2 protein chains.
Amino acid sequence: MRGTTSRNKSVTIKSIAEELKISFSTVSKALNHNPAIKTETRQAVIKKAKEMGYTPNSLAKGLRSNTTETIAIIFNDIENPVLTYVFRDISTKMAEYGYTTIILDSQFSEKIERANILTVLSRQPDFIILEPASINPENLALLSEMSNRLILQGTQYDALNCHHVHVDYAYGGYISACEMLSKGHRDCLVITERLSFPTSEQFVQGIEKAFEEYGLSFDRSRVKTGHSSITEGFTIMQELWTPAENAFSMPITGVITFDDNFAYGVYKFATNNNLNIPNDISVIGFDDNPISAFSMPALTTIHLPKEKMAENHMRILHSVLLKGRTEICVFSAAPTLVSRGSVKNLLKT
Amino acid sequence: MRGTTSRNKSVTIKSIAEELKISFSTVSKALNHNPAIKTETRQAVIKKAKEMGYTPNSLAKGLRSNTTETIAIIFNDIENPVLTYVFRDISTKMAEYGYTTIILDSQFSEKIERANILTVLSRQPDFIILEPASINPENLALLSEMSNRLILQGTQYDALNCHHVHVDYAYGGYISACEMLSKGHRDCLVITERLSFPTSEQFVQGIEKAFEEYGLSFDRSRVKTGHSSITEGFTIMQELWTPAENAFSMPITGVITFDDNFAYGVYKFATNNNLNIPNDISVIGFDDNPISAFSMPALTTIHLPKEKMAENHMRILHSVLLKGRTEICVFSAAPTLVSRGSVKNLLKT
DNA sequence: TTGTAGGCGTTATCAA
DNA sequence: TTGATAACGCCTACAA
């Protein structure tokens with residue numbers, strides 16, 4: 001029962017040809033600016049096409065010419081402002097070259113990711129950008145034929161000889177933890193995405209490295225996971241809190257989060273329990289939402305190089321799609337610390 | 001020189017048929033669960049298809065069957081978190097029914113909008129959701145054939161007998177201005193999107209109505225326009241400010257904005273000039289970014305009913321695409337005031 | 001300079 | 001139960 005109502009009683013090159021009493025292949029050539037066509041005819045065709053409201057059928061074109069001018073992007077959590085930025089940048093820039101961008105959200109699920117890869121593939125895109133929900137060889141193998149037209153974002157995966165736009169999440173975790181450690185925080189909680197998400201795991205490894213450098217060992221049971229949102233950040237904190245005793249079930253002076261939303265979950269928790277940030281508890285975010293500069297206190301966070309990420313994607317797309325180059329590119333960009341007011345220096349007196 | 005490298009050396013129903021030494025039409029039927037096919041054959045086909053890594057070509061399918069299971073969305077500024085939410089909600093929900101969503105950004109430009117409508121149309125979508133960049137009859141006329149498969153968001157346009165998902169921006173402007181007026185603000189500045197953007201114009205009209213009800217007339221020269229961003233909000237304020245005199249070039253006690261980003265531009269301006277919000281200047285936002293609850297001071301803003309908007313879209317999509325219904329629906333939802341701490345009550349002593 | 005014919009991968013109709 | 005065949009709208013040799 002799907003799709004019963006009809007679409008455009010379509011104007012095709014055939015119907016234009018009929019009107020003009022010429023052959024439809026002439027129309028096709030005229031419309032494609034084939035120089036073999038007399039200027040006069042071309043103009044007549046173009047005029048008639050406009051008159052009749054002709055829209056080329058890109059399905060037919062794609063089927064025939066094996067190029068759809070489509071870029072497919074598969075991200076996790078497209079509500080994340082960094083990803084939205086990257087997507088918008090790519091799609092508006094590539095639109096100028098006639099490319100259309102489709103974007104799907106895997107929501108950190110391997111199953112949804114698989115479905116997304118399959119739908120994307122069935123649409124014969126010229127290029128795919130994938131932020132893997134996990135290192136799932138089966139899912140990634142589906143893309144093996146595309147490897148010169150595939151960017152993996154945020155994850156290294158050597159079994160596929162494809163482009164990579166890497167962001168050093170391990171380094172992000174590292175500088176995030178260093179900010180806490182250098183200010184005397186030892187009892188840190190980590191709130192992050194589920195660890196099957198590669199960049200989340202990298203993030204935690206970066207944190208571990210920082211602890212090691214401080215001669216400390218980091219206890220993995222202090223890593224709590226959930227999906228990015230204020231609510232989940234709040235809930236995670238709340239579950240660790242014993243209101244009767246006005247204390248955490250484990251010592252916590254600082255919370256390292258994978259996402260500004262999680263950090264605001266901590267803010268909400270603090271507000272609800274009359275705790276002060278940073279005096280009672282310190283927090284550090286990740287992503288650097290532009291608004292985070294205005295929060296109370298201003299959120300110390302890790303700035304993701306979103307402009308650089310978008311630029312790196314664009315360099316590859318440009319080189320492959322517009323220049324027809326074939327080299328495989330690997331680009332990387334590092335996040336930076338934005339130190340504001342949500343981490344207290346415990347060492348000062 | 002575009003698209004020189006090749007894609008999948010594609011597995012098609014034809015190649016499966018060859019392997020199995022049966023006709024390709026049998027393969028097609030088997031894959032589509034046509035009951036005329038013997039279970040045995042069907043299973044063999046499915047097995048072989050999986051083995052060979054078959055991906056159906058949706059271009060061919062769409063060309064043949066005149067239904068692409070594609071929903072096209074054209075928004076302005078898809079970085080706006082409300083729109084991102086709506087888009088994500090629609091796309092993930094419709095993905096469960098096999099639909100793919102493509103989204104384009106018109107960036108408030110009629111020209112880009114036109115290009116977007118044309119690309120979208122060429123892809124033969126089953127449904128289009130459009131937030132018009134302006135009331136441009138020429139652009140909208142392009143969609144006349146789609147009217148039963150078209151939602152206009154945020155704008156009423158009666159020349160097209162299509163679905164509408166309306167948000168009462170005029171009411172939003174009205175309650176926004178009322179919040180200012182009821183707290184004694186008379187000298188208000190308005191920062192909004194360019195007025196050719198229909199919802200921005202509605203917003204301003206709502207503000208005017210509120211002023212009228214207070215027996216005041218609203219001076220349109222107090223409306224400043226730009227594109228939503230912290231930077232533009234900041235710049236607009238800065239241009240009105242004379243640092244030497246430490247004063248505005250016109251009396252301003254409150255700023256009414258069309259977008260939380262603009263409001264944070266005002267925050268930034270205040271910070272830069274040692275002004276205090278709300279004591280020196282009041283601000284009210286629009287959209288209600290979830291993080292706005294944590295800003296300093298917490299931002300008073302207008303909450304857009306994003307869940308309701310998404311739901312209204314879904315009701316229509318569900319009814320038309322999945323149930324094959326033909327009635328035209330018009331849904332509306334109203335924004336609400338979220339009173340927090342960025343508007344000072346001038347009437348209290 | 002224009003027209004004819006074949007095919008891209010499907011689905012759908014009819015015959016076998 | 002299966003197979004041949006004709007579209008869908010477009011592009012592109014090749015022929016005229």
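**A tour from DNA strand D to chain A**

Start at DNA strand D. Select the 25 residues around DNA strand D (C-beta atom, placed from the backbone, within 6 Å of the strand); Thr12(A), Ala60(A), Ser23(B), Ser25(B) and Thr26(B) come nearest. Now colour by element, using DSSP runs: helices are H or I with at least four residues, strands are E with at least two, numbered from the N terminus. Helices H1 (13-20), H2 (24-31) and H4 (58-65) of chain A, with H2 (24-31) and H4 (58-65) of chain B, each give two or more residues to this surface. H4(A) has the largest share, five residues.

This is a predicted model: local features need pLDDT of at least 70, side-chain atom pairs count only at pLDDT 80 or more, and totals for chains, interfaces and linings use all residues. Residues are numbered from 1 along each chain as its sequence is written, while chains are lettered from A and ligands numbered from 1 in the order in which they are written.

Next, select the chain A and chain B partners. Here 56 residues of chain A are in contact with 56 residues of chain B (C-beta atoms, placed from the backbone, within 7 Å). On the chain A side, H4, H5 (81-95), strand S2 (100-105), H6 (110-122), H11 (260-272) and H12 (306-322) each supply at least two residues. H5(A) gives the largest share, six residues.

Chain A has 12 helices and 14 strands. The C-alpha atoms of chain A fill a box of roughly 90 × 40 × 35 Å along the principal axes. Among chain A contacts between residues at least 6 apart in sequence, 70% join residues at least 24 apart.

Definitions and conventions
Two residues are in contact if their C-beta atoms, placed from the backbone, lie within 7 Å.
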